[in-house]
Amino acid sequence: MVSVVSSAGAEVWLLARAHPAALRRSTGELATALEAVHGERFAVWRTDELLFGIRAGRLVLRTLGGREIPAPKVVCVRQVPGSMHHDREVSLLRHLEGMGAVLVNPLEAHLRCRNKLGQLQELALAGLPVPDTLTYATAPLEGVVRSPGLDTPCVVKFVTGEKGKGVFLAPDGQLLRDLTGALARDVPVLFQEYVTASHGRDLRVIVIDGEAVTAEVRTSADGALASNLARGGRATVCPGRFPEAELLAIEAARALGLAVAGVDLMFSSGKPDMICEVNSVPGWRPEMKQVVPAIVRCIGQRLTHRSHQNHREPRGNEEPT
């Protein structure tokens, strides 16, 4: 367990979910490494430990005890976008950026990745290979599943989600029609091309600052569609085994504006050559030793750049730092 506690004057933050959620193993490992490098200049903050707003026309941050604190120079965001709320965590991240903090990853990149269709739109516009996908805005779901343009079998997933939850294979239209009453109505559903060759198997590539630092082939343990490790999948670390796929992952991260990314690729033709989705807060296995040093370097470079800025343009009526 990381020993770092919140520090009011820290220049580098690791921002995690509200208590009582425990830090994920990978996040705790990263926090320990950042503390070793930055010492008292580093702190872990939780989203429920901060107050933020405007005072005398100036953006301000406060602790729950009422102490005003300066914004950090760099924030490593370790809350999965799928669990963020626009009126809560997103507002905090926007506030930190408004005060001049550099976010890793930037807020807009997190928002692109939060919406599975949104990221596919960006990837397709960048000319990168993605599966055929169909969704809707306000059309009734019952009408959507009867649409002539909806091919089956297809993969069904919610437009927001994480760790492979709520993802299933619909073998035919009858099953879709039977399930419409059971699917959640608060967020849309994606109907996605079923890539048979990648059933229960994908390649995860970790990209840091435009470099594929490591990769792993993930396979489901029981023949299930999803290969996520959180659902019992197995992984084989294999950096360099699929160089073309690693280059594709780098392009995907760049298209979404991500400095840190976990890119999942499907095996559409015997090799991983189609992007399934991109994660802006990826986890990693203990044996993937390259990841933490790469993220630490990424943050250090941004801290150095931020510290060397003699002046920056204030936003609104904010005082220069």
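This is a predicted model: local features need pLDDT of at least 70, side-chain atom pairs count only at pLDDT 80 or more; totals for chains, interfaces and linings use all residues.
In what order do the five strands of the open sheet line up? They run 14-13-12-15-16, with antiparallel pairing. Numbering starts from 1 along each chain as its sequence is written, and side-chain values use heavy atoms, leaving out hydrogens and water.

**The sheet**

- Strands here are DSSP runs of E with at least two residues, helices are runs of H or I with at least four, and both are numbered from the N terminus.
- Two strands pair if DSSP finds at least two bridges between them.
- The five-strand order is 14-13-12-15-16, and its edges are strand 14 (234–237) and strand 16 (272–279), each of which pairs on one side only.
- From one strand to the next, the twist averages 30 degrees; axes are lines fitted to C-alpha atoms (for helices, over the stretch in contact), and angles run from 0 to 180 degrees between N-to-C directions.
- Strand 12 (residues 201–208) and strand 13 (residues 211–219) pair in the antiparallel sense over eight bridges, and Ile206 has Thr214 of strand 13 as its bridge partner.
- Helix 8 (residues 291–307) packs on the sheet and touches strand 12, strand 13 and strand 15 (260–267), its direction making about 35 degrees with that of strand 12. Contact means heavy atoms within 4.5 Å.

**Strand 15**

- Eight of the eight residues of strand 15 are buried, so the strand is largely enclosed by the rest of the structure. The cut-offs on relative accessible area are under 20% for buried, over 50% for exposed and in between for partly exposed (1.4 Å probe, protein chains only).
- Both faces are covered: Val260, Gly262, Asp264 and Met266 are buried on one side, and Ala261, Val263, Leu265 and Phe267 on the other.
- Strand 15 is joined to strand 12 by six antiparallel bridges, with Leu203 partnering Leu265.
- Six bridges also join strand 15 to strand 16, again antiparallel, and Asp264 is partnered by Glu277 there.
- Strand 15 and strand 16 make a hairpin with four residues between them, and Gly270 in the turn has a positive phi of about 85 degrees.

**Aromatic pairs**

- Rings of Phe, Tyr and Trp (its six-membered ring) pair if their centres lie within 6.5 Å; planes under 30 degrees apart are stacked, over 60 edge-to-face, and the rest tilted.
- The count by this rule is two aromatic pairs.
- Trp13 and Trp45 form a tilted pair, 5.4 Å centre to centre with 40 degrees between the planes. Trp13 sits in strand 1 (residues 12–16) and Trp45 in strand 2 (residues 42–46), so the pair ties together parts 32 residues apart in sequence.
- Both Trp13 and Trp45 are buried.
- Phe242 and Phe267 are edge-to-face, because their ring centres are 5.8 Å apart and their planes at 80 degrees. Phe242 is in the loop between strand 14 and helix 7 (243–255) and Phe267 in strand 15, so this pair ties together parts 25 residues apart in sequence.
- Phe242 is buried at 16% relative accessible area, and Phe267 is buried at 1%.
- Arg201 lies over the face of Phe267, at 3.8 Å from the ring centre; the rule asks for NZ of Lys or CZ of Arg within 6 Å of the ring centre and within 35 degrees of the ring normal.
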